[in-house]
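What follows is a walk through one protein chain, from its overall make-up to a few individual residues. Please keep the model open while reading.

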Amino acid sequence: MAMIPPEPQRWLILAAVMLAFLPVVLDMTILHVAVPSLAQSLKATSTEVLWIIDIYPLLMAGLLVPMGTLADRVGKRRVLLLGSAVFGLASLLAALSPTPAMLVGARALLALGGAMIMPSVLGIIRATFEDPQERAMALGIWGLVGSAGAAIGPLVGGALLEHFWWGSVFLINVPLIAVVLPVAYALLPRAEATGDADWRPGQAALLIMGLMACVYGIKALVADAIPTPLIVPILLLGIGLLYAFARAQLKAPRPMLDLTLFAHPALVAGIAMALCVMGALAGVELTLAMELQYVLDKTPLQAGLFMMPIMAAAALGGPLAGHLAHRFGLRRIATSSLAISAASLAMLSILGFESGLTAQALLTTLGLALSIGLTASSIAIMGAVDPRQGGAAGALEATAYELGTGLGITLFGVFMSKLFQRTITLPAHLDPALAKQASLSISDSYVVAAELPPGQADLVIAAAKAAFTATHSLVLGAAAAVLGALTLVVHGLLRSPRAGETSGQMHR
């Protein structure tokens, strides 16, 4: 069992890991307001834009469990420092990318660095804070940093794009990492308890390739990107690789991932919440950022300011969740936050973002409720495991976050694209090849419009705006339905007697 450090030291350790965590969460949202500028500067297609956005969470999803287990085995401090250095280098490469392909590659390297940082951060918190109430507070602060980083991401991105090129949204990570490395090196304890998991590169490769194959297969199936006869073998390959990985873990005396963790209902509930909430949130944020700039003609900075209520309220939800869960019970707080989130999204789907103060109020409520729900998922997960398994549990949670983000962006993006194609009515005299490209997405419409004379360009943009506005309410309604169903699932899981085994009275 890890020795509990003196109280002043434990909060300094928390401050150090929060500083390391900040660049990762900034990178999750800062790109959203840069998508229109990036797509037009690099002349990226809608497919390339989706890959630029979601290669980061999808690849990270496969890397998190191996990196979390490695952190438990060799030391979370060492893995966090190395991951921060990789993240800084990848940010520099992303900022200087001249083509969409190179940017996708740089984002993949960012995923490697982020996958080393995230489970290490949660594992260090679990090992440092043994008292459940203090741990809930620490996880609330972790949620605060995550939400605050996500909150200022669009605002910082918008401010940068007012004065610099799109690469500045990545370049800003470099000075942050330059501060993170010496501070984390100095403050994080060199002596720490490690687990005895058997970290094998071959098993890690099975997990990474299995997850990537399954996610890519789902993505291709939904997007109709490749012929269906090719999708089935990809999905079967992914399932087969994951099955082989699971069998290897069950047979191993010291498994890389202890699958018995899934016997805890609280952990399962937490993972389900993280997966679905992040999927809905990522899809809504992307849709909102695009509508504000493409349809409502706001600048990147104005879009970032408009998105502040949902992010600022989310920044308050993390610390509040720890206090509320301790006082009223995790089950009540988790289910209430999900139900309120679903209701807020349903109202937004009806009223739209043009409803002024009403939209701002609904976005504020949504941000607060989602943040409380996400922090509740962390409390459930980290309270269900031994400190020596903190890296692995943190990796499972972060995997759910990244899978939710990646699949949310993909599903929302494809859903919007399909509806957009069916809704848009382009000028009859437009060249067929250009009309086909313009009907793919609203960003493609703007790319096509840039090549047309002013009169034709105005008609194409007007048609694109009308089509996008007609489809966004369906997307928000779908997100509301997902969170509504999740409310019932989590209510049932946290009612189980075993849900309270390790977290005491927090699971009422």
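In this predicted model, 58% of the chain's 508 residues count as buried. The chain holds 19 helices and zero strands. Among contacts with a separation of 6 or more, 82% join residues 24 or more positions apart.

Next comes the nonpolar core. The largest one has 154 residues. Within this core, the residues with the most contacts are Val 17, Val 121, Ile 125, Phe 170, Ile 442 and Leu 483. Helix H11, spanning residues 265-295, gives the most to the core, with 20 residues.

Ile 442 belongs to the buried residues of helix H18. Eight of the eight residues of H18 are buried, so this helix is largely enclosed by the rest of the structure. Besides Ile 442, the buried set consists of Ser 443, Asp 444, Ser 445, Tyr 446, Val 447, Val 448 and Ala 449, and it thus includes a residue that counts as charged, Asp 444.

How do H18 and H19 lie relative to each other, parallel or antiparallel? The axes of H18 (residues 442-449) and H19 (residues 454-493) come within 9 Å and cross at roughly 175°. Angles over 145 degrees count as roughly antiparallel, and the two helices are therefore roughly antiparallel to each other. On the H18 side, the contact is made by Ile 442, Ser 445, Tyr 446 and Ala 449. H19 contributes Ala 457, Val 460, Ile 461, Ala 464, Lys 465 and Phe 468. By class, this contact has eight nonpolar residues, one polar and one charged. The spacing of such positions can be read against helix geometry: an α-helix has 3.6 residues a turn, so residues three or four places apart point the same way.

Not counting residues up to four places away in sequence, Leu 483 touches Cys 276, Val 277, Ala 280, Leu 338, Ser 341, Ala 342, Leu 345 and Leu 370. Cys 214, by contrast, is buried, with a relative accessible area of 13%. A search of the whole structure finds zero disulfides.

Finally, consider a serine. Ser 344 sits in helix H14, which covers residues 330-351. Its relative accessible area is 4%, so Ser 344 is buried. Leaving aside neighbours within four places in sequence, Ser 344 is in contact with Leu 362, Thr 365 and Leu 366.

How values were computed. Residues numbered from 1 in each chain as written. Predicted model: local features only at pLDDT ≥ 70, side-chain atom pairs only at ≥ 80, totals over all residues. Heavy atoms only, no water. Axes fitted to C-alpha atoms, helices over the stretch in contact; angles between N-to-C directions. Helix = DSSP H or I, 4+ residues; strand = E, 2+ residues; numbered from the N terminus. Parallel < 35°, antiparallel > 145°, perpendicular 65-115°, else oblique. Contact = heavy atoms within 4.5 Å. Disulfide = S-S within 2.5 Å. Buried < 20%, exposed > 50% of the residue type's maximum accessible area, 1.4 Å probe, protein only. Core = buried A, V, L, I, M, F, W, Y, C linked by side-chain atoms within 4.5 Å.
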